[in-house]
Amino acid sequence: MSAEASVAGPRRARRGAGAALGGVAARVLLWGYAAVALAPLVLMAVSSLRPEAELRADPLGLPTIPEFGNYARAWTEADFGGYFANSVFVTVTAVLLGTAVSVLAAYALGRYTFPGSGLLLIYLLAGLMIPIRLGIVPVFYLFDMLGLLDSLWGLVLVYAASGVPFGVFVLTAFFRQLPAGLAEAARIDGAGEFRLFGQIMLPLVRPALATVMLFQFIQLWNDFFFPLVLIRDQDRYTLPVGLTAFFTEYGLNQSLLYAGLVITTLPLVLLFLLATRQVVDGLTAGVNR
Amino acid sequence: MVRTDRLSPAGLRAGRAAPPPRRRPARRGGAGHRPPWWVLAVFVLPALALYTVFIVYPLFSALQYSLFGWQGTRQTGLVGLENFRHLFGGIYGERLWRAFGHNLAFFAGTMLVQTTLGLAFAVLLRRARAGRRFLQTAYVLPHLVSPIVVGYLWSLMLSPQFGAVNAVLRAVGLDALAQPWTGDPALALPTLILVNAWQWIGFPMLLFTAALAGLPPEYEEAARVDGASAWRAFWHVTLPLLVPAIGVVSVLTFVGNMNVLDLVYAMQGSQGAPGGSTDVLGLLFYRTAFNNPDPGAIGQASALAVVMFVFVFGISIAATSVLRRWEARLR
């Protein structure tokens, strides 16, 4: 603050109308683009509340009377309720499983050096840059063999595994930063390794756990490719594949489609607004390290 | 990665009093003695097993599959590079190169739009007082939405008769600009690229904001005091310091755009309509593997997976190591 004030004097003297104009231009650009970013999402929400006939007559209008019937029909008639339940089950289970195994591995790799630990870390982190979709054909036959094809548990396993590199990456760095004395003190008190981990270390990495879980949640909730290939039975579709099925069946019914899009998007928007910090931390975990 | 444990008070004290004891490499973060092997195994094995079975093993299997001949789901014997030859020859080769070109266009176009705007927004937001949080949230929201949702939303909005985009254009008297955006082979790809950039823009903005926050403001202020204009101070002082962040954005955009599938699938279908003008490698791979009457499909799809893997992974590794060197020079 004080540094800013000390240079502001001479600077302000030099720039005059030009800088003021620049400031206005910047504000126009910033708020103008905010409109571009938000308008489609607002249109989606507004249109989901309008009857089909109105949408066809004028794609831009506001709802005369908000019509929640679109949601009721999308939820039951178009099976969005079922897709939603599948998405919740798969995403939540996979996030919990993936984060649990990651935090265990990250603890050992972040706190201890043992023969092969460096190599192991590189092996796990390599997954950050691997396009895992390219392994889909062998995954398909592996699942066929294990009876996991067309099963939500199969999706849970691939998803949990796909979360390991990112989870280990963020959590290892976090475990390394914890102060040294903690472990010593706990040991003197007679705590074993598992108690040390569960009662002392785990509560301390809670912020990083939240970041990892939210980030995974967004990725998995939105994933389309794995269920497209691995799930055949429409009763087991998750929301993104359900949307494509719906689009081919009800393609001409825009109001229902808008309702379906909102149903798919709303949980993420709510999560983001409730936990902006953690989501942003997850998205930017790659820089400044 | 920063090893903060080196800076822990315990480490400093040890370093000052006497040379640190050599024989104790296990002391990281001062965790004391190393637990026995079986305890370490309990911690590490679940992640290792899950990752190896469902991520690494399939990728190696794909390599193995690609070297064999296939009759449906039955392996017929080693064929060497025959599957790879199929990829690059004849009509399939034409499709492959066309799709590859579209991926490159996706990458170049998305980079151009999102990096320029993302950087501009990050820099301008640094100064913005009112509404900073709101603006950042607005820019990031599209990035969180599923590409499938983005695809369907935009195809509804771009629909020639019922779409909002053309309705807006007509309302402001620009009827001539009201086009069949996704139906015209010449317009479809640029339209998709813009939609892709619309979705992604918040991501580079966030990365640049984080990188800018890590720069000491004194550098730029010193340049300003020396009489440099705001623009020159940015161009000569701040921008070079942002090169690592720009590099990270480039690598991540590259990986993302080389594997793009969802958005194109939602807007143009699995064939990359109209007439393959928006076909990309991801779609071609999907069709080769799961929508292919050829009995050798598995071998061909696996060969394509290997080629894409080597290309994407190879370039990302090379780019990352160049970046590391850049960063080392900056320090």
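This is a predicted model: local features need pLDDT of at least 70, side-chain atom pairs count only at pLDDT 80 or more; totals for chains, interfaces and linings use all residues.
**Exercise 1.** Describe the interface of chain A and chain B by its residues and its buried area.

Solution. Start with the contacts: 101 residues of chain A touch 102 residues of chain B. Next, take the area. About 9600 Å² is buried between the two chains, and carbon and sulfur atoms give 77% of it. In chain A, Met129(A), Leu134(A) and Arg176(A) lose the most area to chain B, together 8% of what that side buries.

**Exercise 2.** Find the polar links across this interface, then sort the chain A side by class.

Solution. Look for salt bridges first. The rule finds 1 across the interface. Arg133(A) and Asp262(B) meet in a salt bridge through their side chains, at 2.8 Å, N to O. Helix H2 (residues 17–47) of chain A gives the largest share of the side that touches chain B, 13 residues. By class, that side has 76 nonpolar, 14 polar and 11 charged residues.

**Exercise 3.** Which parts of chain A does the pair Arg236(A) and Asp150(A) tie together?

Solution. Check the distance: the closest N and O atoms of this salt bridge are 3.9 Å apart. Now place the residues. Arg236(A) lies in the loop between helix H12 (225–230) and helix H13 (239–250), and Asp150(A) in the loop between helix H7 (136–146) and helix H8 (152–177), so the pair ties together parts 86 residues apart in sequence. Arg236(A) is partly exposed at 33% relative accessible area. Asp150(A) is partly exposed at 22%. Finally, widen the view: Asp150(A), Asp233(A) and Arg236(A) are linked in a network of salt bridges.

**Exercise 4.** Are Arg187(A) and Glu193(A) buried or exposed?

Solution. Buried means under 20% relative accessible area. Arg187(A) has 18%, so Arg187(A) is buried. Glu193(A) has 10%, so Glu193(A) is buried. The two form a salt bridge, with the closest N and O atoms 3.3 Å apart.

Technical notes
Residues are numbered from 1 along each chain as its sequence is written. Chains are lettered from A and ligands numbered from 1 in the order in which they are written. Side-chain values use heavy atoms; hydrogens and water are left out. Contact means heavy atoms within 4.5 Å. Buried area is the accessible area (1.4 Å probe) that two parts lose on being put together, summed over both. A salt bridge is a side-chain nitrogen of Lys or Arg within 4 Å of a carboxyl oxygen of Asp or Glu. A polar contact is a pair of N or O atoms within 3.5 Å; within protein, one must be able to donate a hydrogen and the other to accept it, and residues adjacent in sequence count only if both atoms are side-chain atoms. Helices (H or I, at least four residues) and strands (E, at least two) are DSSP runs, numbered from the N terminus. Ala, Val, Leu, Ile, Met, Phe, Trp, Tyr, Cys and Pro count as nonpolar, Asp, Glu, Lys and Arg as charged, and the others, Gly among them, as polar. Buried means under 20% relative accessible area, exposed over 50%, partly exposed in between (1.4 Å probe, protein chains only).
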